[in-house]
Amino acid sequence: MPKIWRVYTGSDGTSHIAELPLAMKPFKDVEGAHGEGTELQSVAGIAFRVSPPGYVLSWHCAPRRQYSISLSGTAEVEVGDGSKARLGPGDVLLAEDLTGQGHVTRVVGDQPRFYAIVPLAEGESPGGSKR
């Protein structure tokens, strides 16, 4: 299964990364789609991006609470506590490190990284509940 990673600023002011479970539950939609899924979340929009092999975005904080959904290629995210995570196709990063040192994003391997940025609507918490 794809992974969801949360990058956040801890009470120590340092960025950290943690793997999160997705709160999946059975669903059946009006058109007949069914299986397991998360609750619907309110978002502000979506943008698609491509970063070339070797791309590095040095230390930065997330500009807003947002998902970064990897579609192809591989990225590595490094956080202030020294931890690193690799994100491949289907992996999801929830960026919430709005303050502090932030994180570094690198495209690794010889393929570009194709990904979607999905900002959460104001007040939205991951999983669809309001903060």
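Author: Strands are DSSP runs of E of at least two residues, numbered from the N terminus, and two strands pair if DSSP finds at least two bridges between them. Here an open sheet of four strands runs in the order S6-S11-S8-S9, with antiparallel pairing. S6 and strand S9 (84–87) stand at its edges, each with a single partner strand, so one side of each has no neighbour in the sheet. From one strand to the next the twist averages 15°, where axes are lines fitted to C-alpha atoms and angles run from 0 to 180 degrees between N-to-C directions.

Author: As to provenance, this is a predicted model, in which local features need pLDDT of at least 70 and side-chain atom pairs count only at pLDDT 80 or more, while totals for chains, interfaces and linings use all residues. Residues are numbered from 1 along each chain as its sequence is written, and side-chain values use heavy atoms, with hydrogens and water left out.

Reader: In S9, which residue is the bridge partner of Val77?

Author: The partner is Ala85. Strand S8 (residues 74–79) pairs with S9 in the antiparallel sense over four bridges.

Reader: What is the strand order of the open sheet of six strands?

Author: The order is S2-S1-S10-S7-S12-S5, with mixed pairing. Strand S2 (15–20) and strand S5 (47–51) are at the edges with a single partner strand each, so one side of each is left without a neighbour in the sheet. Within this sheet, strand S7 (residues 66–72) and strand S12 (residues 113–119) form an antiparallel pair over six bridges, and Gln66 has Pro119 in S12 as its bridge partner.

Reader: Which residues lie nearest the centre of the second largest pocket?

Author: A pocket, on a 1 Å grid over the protein atoms alone, is an open set of points where a 1.4 Å probe fits, with protein on both sides within 12 Å along at least five of seven lines; lining residues have an atom within 4 Å of a point. Of the 20 lining residues, Leu57, His60, Gln66, Thr105 and Ile117 lie nearest the centre. S12 supplies the largest share of the lining, three residues.

Reader: Over the face of which ring does Arg113 lie?

Author: A charge sits over a ring if NZ of Lys or CZ of Arg is within 6 Å of the ring centre and within 35 degrees of the ring normal. Arg113 lies over the face of Tyr115, at 4.2 Å from the ring centre. Arg6 lies over the face of Tyr8, at 4.3 Å.
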